[in-house]
Amino acid sequence: MKSSPWHDVRLVFLKEMKSALRFRAAWAAMLMFALTTLACVSLAVQGGALSPRLLAALYWTVLFFASMAGIDRVFEAEDSSGTLLALRVYGSADAVLFGKLLYTFSLLLALAIPLTLAFLLLMDVTVAEPLLLLLLVLLGCFGLAAAGTLVAALGLGASVRGSLAPILLMPLMLPIFLPAIFVTAGAFGGEAASLSFLLGMGLYDAVLTVGASVLFPYLWYAD
Amino acid sequence: MNVKKTLGILLALLTVAVLYAVFFLVPPAEGLGYYVRIAFFHIPMAWVSVLAFLLSAWWGAMYLRRRDMRFDALSARSAKLGFLFVLLATGSGAVFSKLTWGAYWNWDPRQTTIFVLLLIYGAYLTLRAAMGEARLRARASAVYALFSFLTVPFLVFILPRLYFSLHPSPVINGSGSIDMDTSMLLTLLASLADGTLLYAFLMAEGKKEPRKEETP
């Protein structure tokens, strides 16, 4: 019986979820890494009054580096247990990419929500437009997940994988981060930025997803 | 006479002509004075770094299509040269910026664009250095070169809208007209051709067959 593409994506997603629940230490490490990054920033600022633009820049910087702890691990379970070949044989490239992308997106949201609340609390930020901030977090996390899944696959077989992800990902994420900082500053009560930036972020997310789906099969299937 | 030698002679003649034009023919520019001379080195370097990025991605795509290691070698060589040119473009731009605006760096949209390109080149070369097996390296770096090319529309169309720019207008300005002295324009075009020829010469100079263990 031939299964539908969505069914395969769902199976990969559920496999990732089960695997993540089994290795709770990975979640704890990721959340603690995020908290440590945020604590460093908050301690350095020591309650000083910061402009909305600077707060927005700090927020996205913390979110980016904290998310690296999750993105680094996208193919970690299969690579360390030697089951990568099995996944290659049984999972089509699209099913693996989209299953892992959806899982990474959920993981990043699970990280971003407590991180955002902690950031608002520790940095004493009043959010003027919470829905706008939520939309920005959704768009930012989706872009990170789309680019991050492909970048994690790029790192398979690399000798210095841990530090590779932020180096490869940063230039790719700037088209999301720079507009996100402008709009987030508005959501934090600063000068309102044009909402066309949100459209631009959404479009870039779509471009990253299409680009990843076109290029991922070249990485997934050996020569 | 072989192609490499012909390229070398053409390059030498054109370089001498461009240097002569820059130092003896080009008049001082309004508001910039003789600092404008830096532009005849800076703009070709920036142009070649973008061209090398485009060609590196193109040869990466050719590798993914044909799985021929010669395309990977070309892609890697173009990226290495592009990295060198982007460093020179960033350095010469910073000097120009200090002389005209008073600071080496202020994240002007064009400075940001060239810096993103520098980051992409750096990431590409780091990825290559981190991959041990030749075919894996070729595949991963080709995919990264093409994936990072997705940032180009943002750098060209969106970034300039985010920040105010002090950078002089491009050769063809917003109204679509060319606002430049004729001798300056001709010198700039010659310097762009010279930079492109230098890139072609260096690509030809480094061209070699892939090592035996890298061939299919």
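**Figure 1. Two buried aromatic residues of chain A in a predicted model.** Both A:Tyr59 and A:Phe188 are buried in this structure, which is a predicted model. The two rings have their centres 6.3 Å apart and their planes at 75°, and the pair is therefore edge-to-face, since planes over 60 degrees apart count as such. A:Tyr59 belongs to helix α3 (residues 52-71) of chain A, whereas A:Phe188 sits in the loop between α8 (161-187) and α9 (196-220) of chain A, so the pair ties together parts that are 129 residues apart in sequence.

**Figure 2. The aromatic cluster around A:Tyr59 and A:Phe188.** Ring pairs join A:Tyr59 and A:Phe188 with A:Trp60, A:Phe64, A:Phe65, A:Phe119 and A:Phe177 into a cluster. Over all chains, the structure holds 18 aromatic pairs.

**Figure 3. Helix α3 of chain A.** The buried residues of α3(A) include A:Tyr59, A:Trp60 and A:Phe64, and among them are also A:Leu55, A:Ala56, A:Val62, A:Leu63 and A:Met68.

**Figure 4. An edge-to-face pair in chain B.** The rings of B:Trp105 and B:Phe115 have their centres 5.9 Å apart and their planes at 65°, so this pair is edge-to-face. B:Trp105 lies in the loop between α3 (69-101) and α4 (109-130) of chain B, while B:Phe115 lies in helix α4 of chain B, and the pair therefore ties together parts that are 10 residues apart in sequence. B:Trp105 counts as partly exposed because its relative accessibility is 26%, and B:Phe115, at 28% relative accessibility, likewise counts as partly exposed.

**Figure 5. Charged side chains over aromatic rings in chain A.** A:Arg88 lies over the face of A:Trp220, at 4.9 Å from the ring centre. In another part of this view, A:Lys100 is placed over the face of A:Phe75, at 4.7 Å from the ring centre.

**Figure 6. A nonpolar surface patch on chain B.** B:Leu19, B:Tyr20, B:Phe23, B:Phe24, B:Leu25 and B:Phe41 make a nonpolar surface patch of about 610 Å². Helix α1 (residues 3-25) of chain B contributes the largest share of this patch, with 5 residues. B:Phe23 is found in that helix, α1 of chain B, and, with a relative accessible area of 41%, B:Phe23 is partly exposed.

Definitions and conventions:
Residues are numbered from 1 along each chain as its sequence is written. Chains are lettered from A and ligands numbered from 1 in the order in which they are written. This is a predicted model: local features need pLDDT of at least 70, side-chain atom pairs count only at pLDDT 80 or more; totals for chains, interfaces and linings use all residues. Side-chain values use heavy atoms; hydrogens and water are left out. Rings of Phe, Tyr and Trp (its six-membered ring) pair if their centres lie within 6.5 Å; planes under 30 degrees apart count as stacked, over 60 as edge-to-face and the rest as tilted. Helices (H or I, at least four residues) and strands (E, at least two) are DSSP runs, numbered from the N terminus. Buried means under 20% relative accessible area, exposed over 50%, partly exposed in between (1.4 Å probe, protein chains only). A charge sits over a ring if NZ of Lys or CZ of Arg is within 6 Å of the ring centre and within 35 degrees of the ring normal. Patches are made of residues with over 30% relative accessible area and no salt bridge: like charges are joined within 9 Å, nonpolar side chains (Val, Leu, Ile, Met, Phe, Trp, Tyr) within 5 Å. Accessible areas come from the Shrake-Rupley method with a 1.4 Å probe; for residues, only the protein chains shown count as cover. A salt bridge is a side-chain nitrogen of Lys or Arg within 4 Å of a carboxyl oxygen of Asp or Glu.
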